[in-house]
Amino acid sequence: MWKVRLMVDSPDAVSLASSLASEEDVEIDGTHFSFILCESRAKDARAMWNTRMRSIIVSHKVLKVMDS
């Protein structure tokens with residue numbers, strides 16, 4: 001089993017975590033959020049990780065545009 005854990009500290013934690021709502025069980029605590037990705041194969045873990053990171057990156061960019 002492959003496990004990858006992401007922990008993020010951001011003032012936009014709730015908004016960023018919302019981008020993963022349909023994909024992961026995300027734990028949110030104030031300005032922090034985290035999740036653990038579990039996959040049986042490394043290849044699948046990498047693909048799922050990339051998908052999650054793209055969601056977070058796009059959300060972050062949208063938030064920056066909205067704030068400007």
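The legends below describe several close-up views of one predicted protein model.

In this predicted model, local features need pLDDT of at least 70 and side-chain atom pairs count only at pLDDT 80 or more, while totals for chains, interfaces and linings use all residues. Residues are numbered from 1 along each chain as its sequence is written, and side-chain values use heavy atoms, with hydrogens and water left out.

View 1. Helices (H or I, at least four residues) and strands (E, at least two) are DSSP runs, numbered from the N terminus. Starting at the N terminus, the elements follow the order β-α-β-β-α, and the C-alpha trace spans about 40 × 20 × 20 Å along its principal axes. Of the 68 residues, 28% are buried, where buried means under 20% relative accessible area, exposed means over 50%, and partly exposed lies in between (1.4 Å probe, protein chains only).

**View 2. Three strands form an open sheet in the order β1-β3-β2, with antiparallel pairing.** Because β1 (2-9) and β2 (27-29) stand at the edges, each with a single partner strand, one side of each is left without a neighbour in the sheet. From one strand to the next, the twist averages 15°. Two strands pair if DSSP finds at least two bridges between them; β2 and β3 (residues 32-39) run antiparallel and are joined by three bridges. In β3, S34 is the bridge partner of E27.

**View 3. Helix α2 (residues 42-67) packs on the sheet, where the helix touches β1 and β3.** A contact means heavy atoms within 4.5 Å. The direction of helix α2 makes about 155° with that of β3; for such values, axes are lines fitted to C-alpha atoms, for helices over the stretch in contact, and angles run from 0 to 180 degrees between N-to-C directions.

**View 4. R5 lies in strand β1.** This residue is exposed, with a relative accessible area of 55%. Not counting residues up to four places away in sequence, R5 touches F35 and I36. R5 and S18 are 13 residues apart in sequence, and their C-alpha atoms are 17 Å apart in space.

**View 5. R52 forms a salt bridge with E24.** Side chains of opposite charge can pair when their charged atoms come close. Here a salt bridge is a side-chain nitrogen of Lys or Arg within 4 Å of a carboxyl oxygen of Asp or Glu, and the closest N and O atoms of R52 and E24 are 3.0 Å apart. The pair links distant parts of the chain, since R52 is in helix α2 and E24 is in the loop between α1 (13-18) and β2, 28 residues apart. R52 counts as buried at 6% relative accessibility, and E24 counts as buried at 13%.

**View 6. The side chains of R41 and D44 meet in a salt bridge.** The N to O distance in this pair is 3.7 Å. R41 counts as partly exposed at 44% relative accessibility, and D44 counts as partly exposed at 28%.
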